[in-house]
Amino acid sequence: MKELRELTAKHPWNLMTTSADEGQFLNMLLKLINAKNTMEIGVYTGYSLLSTALALPDDGKILAMDINRENYELGLPVIQKAGVAHKIEFKEGPAMPVLDKLVEDEKNHGSYDFIFVDADKDNYLNYHKRLIELVKVGGLIGYDNTLWNGSVVAPPDAPLRKYVRYYRDFVLELNKALAVDPRIEICMLPVGDGITLCRRVK
């Protein structure tokens, strides 16, 4: 984990990485729920992916999706060194068509123990509509960056970086939608940039 953190720190987009405390939290959480079949949308260099892979049993599986294979391959040697690459099925490209295909086949419904989303914030709600079908009752979906640099509680006229301001409304919309979704119970944690855990109850 340390090796991948250090490697990622040298990348120009390093602010996209999952924080060390969040990686540790995810690892423990997955062990506690005995997760075996998982999914990750948004991989970057694979820090949260490695954290997940290390937590899963030897026959555990992760369907990992990202639009950039190059970043994933940057971290892949470290994942291979950790001996967990065989648990990962990586798909390059947008996640939505893959999710639509999965939802089409009823045998995939309720088949995932845990799903982690750290990707395009403007699509989080679209992902949620599909993921709620794929996660099992009692399973978890984790949405990353739900505090979005603290901007979700900032006054409307607060000075924010352009990309923070642009995505803030999408994150706020997601947070409001999750809070009233009767199919889940939620827990928002101030770990990393905020992670909201959604446990499917029906």
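Helix axes are lines fitted to C-alpha atoms over the stretch in contact, with angles between N-to-C directions running from 0 to 180 degrees. In this predicted model, helix 6 (residues 124-134) packs against helix 7 (residues 162-179) at an angle of about 30°, and their axes lie 9 Å apart. Angles under 35 degrees count as roughly parallel, and helix 6 and helix 7 are therefore roughly parallel to each other. On the helix 6 side the contact involves Tyr124, Leu125 and His128, which meet Glu173, Leu174, Ala177 and Leu178 of helix 7. By residue class, this contact of helix 6 with helix 7 comprises five nonpolar residues, one polar residue and one charged residue.

The protein chain as a whole contains seven helices and seven strands. Their order along the sequence is α-α-β-α-β-α-β-α-β-α-β-α-β-β. The protein chain has a radius of gyration of 16 Å, close to the 17 Å given by the globule rule for 202 residues, so it is as compact as a globular protein of that length. The C-alpha trace spans about 50 × 40 × 30 Å along its principal axes. Of the contacts between residues at least 6 apart in sequence, 67% join residues at least 24 apart.

Buried residues account for 48% of the 202 residues. Thr52, located in helix 3 (residues 47-55), has a relative accessibility of 2% and therefore counts as buried. Apart from neighbours within four places in sequence, Thr52 contacts Leu30, Thr38, Glu40 and Ile62.

Definitions and conventions: Residues are numbered from 1 along each chain as its sequence is written. This is a predicted model: local features need pLDDT of at least 70, side-chain atom pairs count only at pLDDT 80 or more; totals for chains, interfaces and linings use all residues. Side-chain values use heavy atoms; hydrogens and water are left out. Helices (H or I, at least four residues) and strands (E, at least two) are DSSP runs, numbered from the N terminus. Angles under 35 degrees count as roughly parallel, over 145 as roughly antiparallel, 65 to 115 as roughly perpendicular and the rest as oblique. Contact means heavy atoms within 4.5 Å. Ala, Val, Leu, Ile, Met, Phe, Trp, Tyr, Cys and Pro count as nonpolar, Asp, Glu, Lys and Arg as charged, and the others, Gly among them, as polar. Buried means under 20% relative accessible area, exposed over 50%, partly exposed in between (1.4 Å probe, protein chains only). The radius of gyration is taken over C-alpha atoms; the globule rule is 2.2 Å times the number of residues to the power 0.38.
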